[in-house]
Amino acid sequence: MEARGRYRILPGASPSGTFRPPGDKSITHRGLLLGAMAEGTTLLLGANRGEDCRALEGALSALGVAITEEGEALRIEGSGGRLRPPGGTLHLGNAGTGLRLLAGLLASQRFDARLDGDDSLRRRPMGRIVEPLRRMGALVEGREGGRFPPLFIRGGPLRGIDWRTEVASAQVKSSILLAGLRAEGWTSVTEPALSRDHTERMIPYMGGKLLREGLTVRVEGGTSLRGRRIRVGGDPSAAAFPLAMALLSPEGRVTAEGILANGTRTAFLDVLERMGARILREPEEGGAEEGAEESIRVTAEGGGALRGTVIGGDEIPRLIDEIPLLAVVGARSSGVFTVRDARELRRKESDRIAATVRLLRAFGAEAEERPDGFTVRGELSLRGTRVESGGDHRIAMAAVAAGLAAAGETIVEGSACAGVSFPGFMETLAALGLGGSITEEERCEG
C-alpha cells in the first residue's frame with residue numbers, strides 16, 4: 001500500500017506574510033558529495049531535508065560516509081576520497097541529480113556499485129553522463145546500453161578529457177567535474193549556455209583547483225579537498241511557488257527571505273518582472289560568510305496587470321524548474337505566453353511539456369503543445385478541476401497555485417511528492433494564511 005496524498009483547494013484566500021524557503025536542493029547535493037570526498041569535517045548549515053537529499057544521504061552512508069544531524073546542520077565526516085564498497089544497490093529514489101552526480105564520484109572508486117531509483121528515475125536518460133565517464137576510463141553499464149538506470153559502475157584510474165555538452169545541464173557538467181577531481185590531468189566541460197554554477201563555486205572554496213573561461217570550466221585532478229562550513233541559502237525554485245500565489249491573488253503580498261541571488265537561479269524573477277509583476281528585491285547582508293552565496297529578500301504583491309511573454313534561448317537553463325509555474329501565471333495574464341527551446345523539460349521527473357499542457361487544459365486554459373515547449377493564451381477564467389501530479393513535485397505545486405486562482409474546488413491527486421524538494425510545503429502555506437483554503441488528505445493505493 002502506498003500513501004500518495006491529496007490536496008483539496010478552495011479559492012478566494014490571499015496569501016500574506018513572510019517565509020523562509022527550505023535550503024537549496026542543488027547546493028545541498030553538492031555539499032554532501034564534496035564533503036564526502038574531502039579530508040576532515042564539513043558542516044552543512046541549513047541543508048535541504050527533502051526526500052531527494054535524504055536519498056543521497058542514505059547512499060553516501062552506505063558508502064561509509066558518516067553523516068549526522070546537529071540541530072539545523074548536517075555534519076559530514078569526509079572520506080579523503082576513499083569510499084568503501086556498498087553492501088548492495090544504492091537506491092536514489094526520485095533523485096535524478098543525486099544519481100547523476102554520484103555516478104561521477106563513483107567513476108574513480110576502485111570497486112563495483114549499482115545505482116537505482118524509483119519508476120520515475122528509471123525513465124530518466126543517463127546517456128549524457130555515461131558516455132563521458134566511459135571516455136575517462138570507467139566501466140558504466142545500464143539498460144539499453146547505459147541510456148537508463150539502473151546503472152552499474154566499475155570505477156578505476158581516470159584520465160582527464162575535454163567535453164562539450166549538447167545542452168546546458170548542470171547535472172551533466174557536475175558529474176564530469178566530480179569525476180575530474182580524481183582524474184589524471186585537467187578535465188574541461190564546455191556548455192552551449194551557462195547552467196547552474198554551484199559546483200564551480202564550491203570546488204575552489206573547498207581547496208580544489210578550478211578555472212573558468214567563458215562557457216568552459218576546467219578542474220585539475222589529484223587536488224585534495226578539505227572540509228569546510230557551508231551555509232546553504234534558500235532554494236529559489238521552492239520560493240517561487242508562494243511568490244507566484246501572491247501575484248495571482250488581487251490582495252496577496254508575500255515576502256521570501258534568504259533566497260539565493262545567484263544569477264543562474266533567479267531568471268524566474270526576471271520573467272515575472274517582464275510580465276509586469278510587482279516584485280521587490282532587496283540585498284541581504286552576510287552572504288559571503290561560511291561559503292554562502294549572496295542572498296536576497298524578495299516581495300511579490302498581487303493586483304497588478306500581467307502580460308504574456310516569450311521564454312527561450314539561454315534563459316531556459318536558468319529557470320528550467322519554474323516553467324510549469326510560470327505557465328500558470330501566463331494563463332492568468334493578457335496576451336500569449338510562449339515557451340520554446342525547452343525540450344529538456346521532457347526529460348524531467350515527468351514529460352513536463354506534456355504535463356504542463358494537460359494541467360492547464362484541465363483548468364480550462366487554452367494551451368498548445370510543441371516539440372520544444374508550448375503556448376498559452378491568457379485572460380481566460382480558470383475553473384476548479386481534479387488533476388493528477390503524475391508523481392512530479394513541480395507539477396503538484398503548480399496545480400496548487402492554479403487551484404487558488406480558479407473558480408470552484410480543485411483536487412490535486414498525488415500531493416505527497418511535494419516533499420521531494422519543498423519539505424514543509426503545507427506548513428509554509430498555512431503560515432501565509434492559506435490553511436483554510438488548502439487541506440491535505442491521505443489515501444492509499446494497493
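**Spaces and a helix pair**

The lining of the largest pocket is made up of ten nonpolar, ten polar and 20 charged residues, where Ala, Val, Leu, Ile, Met, Phe, Trp, Tyr, Cys and Pro count as nonpolar, Asp, Glu, Lys and Arg as charged, and the others, Gly among them, as polar. The model is a predicted one, in which local features need pLDDT of at least 70, side-chain atom pairs count only at pLDDT 80 or more, and totals for chains, interfaces and linings use all residues. Residues are numbered from 1 along each chain as its sequence is written, and side-chain values use heavy atoms, with hydrogens and water left out.

Rolling a probe the size of a water molecule over the atoms shows where empty space is left. On a 1 Å grid over the protein atoms alone, a cavity is a set of points where a 1.4 Å probe fits but cannot get out, whereas a pocket is an open set with protein on both sides within 12 Å along at least five of seven lines, and lining residues have an atom within 4 Å of a point. The largest pocket has a volume of about 710 Å³, a volume being the space filled by probe spheres set on the points, which are joined across faces, edges and corners. Of the 40 residues that line this pocket, Ala168, Ser169, Ile320, Glu344 and Lys348 lie nearest its centre. Two or more lining residues come from each of α1 (25-37), α3 (96-106), α7 (170-180) and α13, and α1 has the largest share, with four residues. Such helices are DSSP runs (H or I, at least four residues), numbered from the N terminus.

The structure also holds one cavity of 30 Å³ or more. Ala240, Ala244, Phe268, Leu272, Glu322, Leu325, Leu326 and Val329 line the largest cavity, and they divide into seven nonpolar, no polar and one charged. Helix α11 gives the most to this lining, with three residues.

How do α11 and α13 pass each other, in a left-handed or a right-handed crossing? The axes of α11 (residues 323-331) and α13 (residues 393-405) come within 9 Å and cross at roughly 15 degrees, which makes α11 roughly parallel to α13 (angles under 35 degrees count as such). The crossing is right-handed, meaning that the near helix is turned clockwise from the far one by less than a right angle. Pro324, Leu325 and Val328 in α11 meet Ile395, Ala398, Ala401 and Ala402 in α13, with contact meaning heavy atoms within 4.5 Å. The residues of this contact are seven nonpolar, no polar and no charged.

How values were computed
Axes fitted to C-alpha atoms, helices over the stretch in contact; angles between N-to-C directions. Parallel < 35°, antiparallel > 145°, perpendicular 65-115°, else oblique.
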